[in-house]
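Hi,

Here's the structure I promised to pass along. Have a look first, and then read on for what turned up.

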Amino acid sequence: MNSATELWQRYQDWLYYHEELNFYVDISRIRFTADFVAQMQPKFEKAFADMQALEAGAIANPDEDRMVGHYWLRAPELAPNESLKHDITSTLSKVDTFAKKVIKGEIHPPHAAKFTDILSIGIGGSALGPEFVAQAMAVTNPLLNISFIDNTDPDGIDLVLGQLSARLATTLVVVISKSGGTPEAANGMKEAKYAYEQKGLEFNRYAVAITGEGSKLDRIAKEEGWIDTFAMYDWIGGRTSELSAVGLLPAALQGIDIMAMLEGAKVMDEATRIANLKQNPAALLALAWYSETNGKGEKDMVILPYKDRLLLFSRYLQQLVMESLGKEKDLDGNTVYQGIAVYGNKGSTDQHAYVQQLREGVNNFFATFIEVLSDRAPGNKGPELEPGIFAGDFLSGFWQGTRKALYENGRGSITVSIPEVSPRMIGALIALYERAVGLYGFLVNVNAYHQPGVEAGKKAAAVILDLQKKVMAVLDAETAGSASLSIADLAHKVGQPEAIETVYLIVRHLDANSRINLEGNTGNPSSLRVSSLL
């Protein structure tokens with residue numbers, strides 16, 4: 001299909017438009033055929049039924065014996081029982097009331113009239129969503145500035161706490177962890193607490209927790225008398241938690257309209273419940289993904305939002321898509337190695353980065369353009385850069401030109417168009433992709449709501465940290481004074497000679513941070529001698 005007339009007809013045939021949201025989804029530049037659509041219809045009929053059962057409260061995560069109910073967050077009336085409805089509405093009311101009290105100064109730090117800053121501490125879904133929304137809805141003079149600790153990198157933590165140092169006494173700390181045992185969030189909390197104590201500040205008077213009821217973090221917060229706690233529920237996964245207290249509390253504290261976010265998501269949910277392929281925007285995305293990847297992840301998803309505010313959308317979607325769909329086994333126990341790799345940045349920056357490869361290199365991707373129709377705030381046209389041409393006209397031209405150039409060279413693309421970047425549109429985007437991921441998971445027969453690979457990585461890290469403790473104990477006991485051990489001897493003495501490489505990597509790290517003494521030829525690990533600094 002090459003003629004402009006044929007493409008124009010295909011565009012009209014496959015364009016989805018939601019009138020209330022002024023929201024478009026265009027999959028016309030994906031080269032699927034009518035026969036392919038017909039073959040997919042039975043799969044979609046099953047996927048629609050499976051999704052309906054999911055929202056009705058079916059156990060969708062058998063590993064944890066829990067429901068998956070993030071959809072109920074924006075429509076509590078759909079929750080399967082009164083207890084869940086109450087949990088949702090009471091938490092939302094509590095978030096709203098707390099944020100308003102902080103903003104007004106009714107809740108304030110011990111020695112100041114108001115909080116000036118928020119320090120949000122979390123990892124994965126407890127950080128990516130709040131960071132995405134904070135950047136998307138940033139204003140010149142926010143009600144409260146927000147900073148994030150989203151890793152256990154000591155240098156990164158020091159940088160954030162150093163930037164907040166002069167305002168630490170007016171900074172509200174929000175610690176987010178469902179279990180309270182996730183190392184990155186726990187470490188961030190401990191580092192922040194230490195920074196407060198070093199300034200003579202009582203951490204408990206600055207901290208709130210968002211966590212599961214009865215979790216380790218919940219117990220700490222209540223025992224230490226933190227300002228407040230907000231509930232996370234086991235039926236909400238981290239990557240779908242942005243419209244729970246996890247994302248709503250940080251957003252509300254910044255003055256972002258969380259009710260509009262929820263309303264946008266609710267309207268999109270209603271649109272994506274329609275059991276008709278061409279009338280369901282999430283189903284159209286899932287169809288395009290399946291067509292481009294052959295239902296086997298054979299191509300990557302490149303996210304290119306043509307708006308600086310949406311820079312972090314690709315990072316947010318990386319977790320949502322890859323953690324949900326990246327599975328070794330399908331629901332029948334077959335080894336399938338499913339998933340879709342996601343990467344991206346923003347347009348038109350990427351036209352000067354990797355669009356050259358996208359157009360002429362390996363054809364192992366499909367692009368998703370996010371178009372924002374409004375250029376600037378209403379009433380602000382900005383200067384004319386050429387007669388009758390403004391900056392936003394260039395941006396639109398670059399998007400259209402890239403889309404055309406890719407298609408002409410056999411590379412597929414999807415375009416999602418929204419009227420502006422607003423809380424309502426952010427909610428709608430989140431809901432659209434949550435549903436698309438769920439439907440695609442049903443199409444390829446994987447459980448999109450568990451993440452055994454993530455848990456495996458956490459367990460492996462815990463084993464290494466336990467080995468490090470044993471290494472230090474042996475060094476302290478046997479290398480006092482001038483004594484030292486070879487790497488092989490050290491591995492043998494900790495009882496794990498087979499882990500010699502891991503022992504070497506541990507002592508190299510400890511030496512780089514001046515916690516042990518390592519001597520010898522660093523390019524020849526077998527020659528090294530290790531000793532304690534005691």
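Which residues in α15 meet which residues in α17? Ile464, Leu467, Gln468, Val471 and Met472 are the ones in α15, and they meet Thr502, Val503, Ile506, Val507 and Leu510 in α17 (contact means heavy atoms within 4.5 Å). By class, that contact has eight nonpolar, two polar and no charged residues (Ala, Val, Leu, Ile, Met, Phe, Trp, Tyr, Cys and Pro count as nonpolar, Asp, Glu, Lys and Arg as charged, and the others, Gly among them, as polar).

Before going further: this is a predicted model, where local features need pLDDT of at least 70, side-chain atom pairs count only at pLDDT 80 or more, and totals for chains, interfaces and linings use all residues. Residues are numbered from 1 along each chain as its sequence is written, and side-chain values use heavy atoms, with hydrogens and water left out.

Back to the helices (DSSP runs of H or I, at least four residues; strands are E runs, at least two; both numbered from the N terminus). α15 (residues 452-478) and α17 (residues 500-512) pack at about 70 degrees, with axes 10 Å apart (axes are lines fitted to C-alpha atoms, for helices over the stretch in contact, and angles run from 0 to 180 degrees between N-to-C directions). They are therefore roughly perpendicular to each other (65 to 115 degrees).

Gly347 and Ser348 are joined by a cis peptide bond, omega about 5 degrees, and Ser348 is in the loop between β11 (342-344) and α12 (355-360). Asn294 isn't a glycine, yet has a positive phi of about 60 degrees.

Cheers

Technical notes:
Parallel < 35°, antiparallel > 145°, perpendicular 65-115°, else oblique.
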